[in-house]
Amino acid sequence: MTSVLVIDDEYGVRSGICQILELEGYTVDVAATGREALALLDQRTYDIALIDYQLPDVDGLTLLANLRNRKLPTMTCMITAYANIDTAIAATRQGIDFFLPKPFSPDDLLGVIETLSRHKQLKEEAEKLRKENEASLRALATEKSQTASLVASLRDAVLVINREREIVLANQAMAALIGRESSALVRMPVDAALATEPLAGLAGLLSEESRSERRLSEVTLGDRVFFARVATFHGDDGRGDDGAALGRVLTLADVTDMRRMAMEKPRFIRTMVHEFRSPLGAIRSLIEVATEKSLGNDLGPYLPFLERADRRIDRMVELIGELLSLSRIDLERGPDVGETATDVGAGIGATLDLYRERIAARQIEAAVDIGADLPRARIGEEDLKTVLGNLVGNAIKYGREGGSLRVSARAADDSIVVEVADSGIGIEPENLPNLFQEFFREKRAETRDIDGNGLGLAIVKRLVERVGGTIQVESTLGVGSAFRVVLGAAGEPSQSAA
Ligand code: ADP
């Protein structure tokens, strides 16, 4: 129900208005002075206020200003017997909604009140619409920016063109492939953006002749292989207004690593089969000497053959162990793998202890150099032992009798650099890039009689890389090799640091 506040110092006017409006079903309050009106306004909000221009205490204009300051939704109408243009202007400035000169008839009054309540309703509806509009615009803007940042950050390269073959969107990955800024590509004709090789093939994929909705193909750009997908989109009715497509989306997913892994698997299995077959063949021949009794009935002459077979079995067991560690490393890749903090100095000490006899047997002069205040390294204790064990083991195997072995560890920025250096046979420069591949072994006269299966360095590399470290090798043929492992520092100082 519409509520009205009547503010007039004349009793007759106040009660007259009150009667007329109450008869029509309005709720009415009356105030004789400005102060009374303000007290009532403190208590409730009115739909309409009829304000006399001249009040004994506060004048009508001040009251009006007060109402506006309170930001009330009340519609206002000034009632005055002294209506002139100046009062009208002053009241309009204060935001008056209507003006009713005294004297007025009951019909005049009711007409004004009706108009004001309709205005108020319209105003409220407009305000509601404005708020709804604002909210949906805000939601739309958030949604748009979310979609935009999602597309921008996609690993896949995305390119959208319109029906005029102009670029509408190219995300960061696509911009990097094309070699321009995303923003510079927008509005550019796609055929111009993709004019040069090797990109020209992509423009072809987006060409008009390709009528189908989705097309898939494989594209090679430089040394990377991509899986390309083209989707055509139409308007809501399923077709553009002239039946043509509205645009096309090209996505490129980099499948180079997946491809490489897929190709490596059969190679790995082939090598593995070979690694098992050849010792098994050798073991069978060694045992056959005994089963065929080719050396007579005494057991003695066969023993060396059986011992050789036994050694080959040992090597196969070792190979199985290393294959298992390789697969374990791949399975154990988790976020907490690099969380352990390990004392590198202690690890080096333990490793050299383990190899003490072999070092002595080959008369190698071993030196250890551990930097002062060495922090712990971000790697598990067992993993560090495996890394150091393989590197030190190789330095002895591929080192020279009476040569030298030097193991050092020092802190550098936020990392720890561990180096294992020998004065051994060295490595052919052309083999350096393959050294860390599974089953890789250098085939040289010097390595022929050295046992090994080519898995040690592959294991080392995977263990180091899964905790965010790196491994490098420097070598001079015939002079020696140095393997350098860089691990993250865990921040705590080691017990053994001196
Ligand atoms: P393995 O020693 O069992 O053959 P690794 O993976 O440990 O396997 O090493 C791969 C190859 O790298 C070795 O066969 C050898 O040719 C070469 N290599 C590794 N360490 C050294 C080293 N310290 N000096 C010379 N060659 C090395």
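Predicted model: local features only at pLDDT ≥ 70, side-chain atom pairs only at ≥ 80, totals over all residues.
The domain assignment divides the chain into domain 1 (3-119), domain 2 (132-254), domain 3 (256-331) and domain 4 (334-498). Between the centres of domain 1 and domain 2, taken over C-alpha atoms, the separation is 63 Å.

An open sheet is built from five strands, arranged in the order S2-S1-S3-S4-S5 with parallel pairing. The edge positions are taken by strand S2 (27-31) and strand S5 (98-101); each has a single partner strand, so one side of each is left without a neighbour in the sheet. From one strand to the next, the twist averages 20 degrees. Strands of a sheet pair through backbone hydrogen bonds, in either a parallel or an antiparallel manner. In the pairing of strand S1 (residues 3-7) with strand S3 (residues 48-52), the sense is parallel and four bridges are found. Within this part of the sheet, Val4 stands opposite Ile48 in S3.

Two helices are described relative to the sheet. Helix H2 (residues 34-43) lies across S1 and S2, and the direction of H2 is at about 140 degrees to S2. Helix H5 (residues 106-153) also packs on the sheet, where it touches S1, S3, strand S4 (75-80) and S5. The direction of H5 makes about 155 degrees with that of S4. Ser153 lies in helix H5 and is exposed, because 10 other C-beta atoms lie within 10 Å and the cut-off for an exposed residue is 12 or fewer. Ser153 and Arg378 are 225 residues apart in sequence; in space, their C-alpha atoms are 30 Å apart.

The bond from Lys102 to Pro103 is cis, with omega near -5 degrees, and Pro103 is placed in the loop between S5 and H5. The bond from Glu197 to Pro198 is likewise cis, with omega near 0 degrees. Pro198 belongs to the loop between helix H8 (190-193) and helix H9 (200-205).

Positive phi values occur in two residues other than glycine, Arg187 and Asp413. For Arg187, phi is near 80 degrees. Arg187 is found in the loop between helix H7 (182-185) and H8, and counts as exposed because 11 C-beta neighbours lie inside 10 Å. For Asp413, phi is near 50 degrees. The loop that holds Asp413 runs between strand S14 (404-412) and strand S15 (415-422). Asp413 is exposed as well, with 8 other C-beta atoms within 10 Å.

The ligand is surrounded by 22 residues, of which the closest are Tyr398, Glu442, Gly452, Gly456 and Leu457. Helix H14 (381-397) and helix H15 (456-466) are the elements that give two or more residues to this shell. By residue class, the shell around the ligand consists of nine nonpolar, ten polar and three charged residues.

Methods. Residues numbered from 1 in each chain as written. Near = placed C-beta within 6 Å. Nonpolar A, V, L, I, M, F, W, Y, C, P; charged D, E, K, R; others polar. Domains from an automatic or database assignment. Pairing = 2+ DSSP bridges. Axes fitted to C-alpha atoms, helices over the stretch in contact; angles between N-to-C directions. Contact = placed C-beta atoms within 7 Å. Buried ≥ 20, exposed ≤ 12 C-beta atoms within 10 Å, placed from the backbone.
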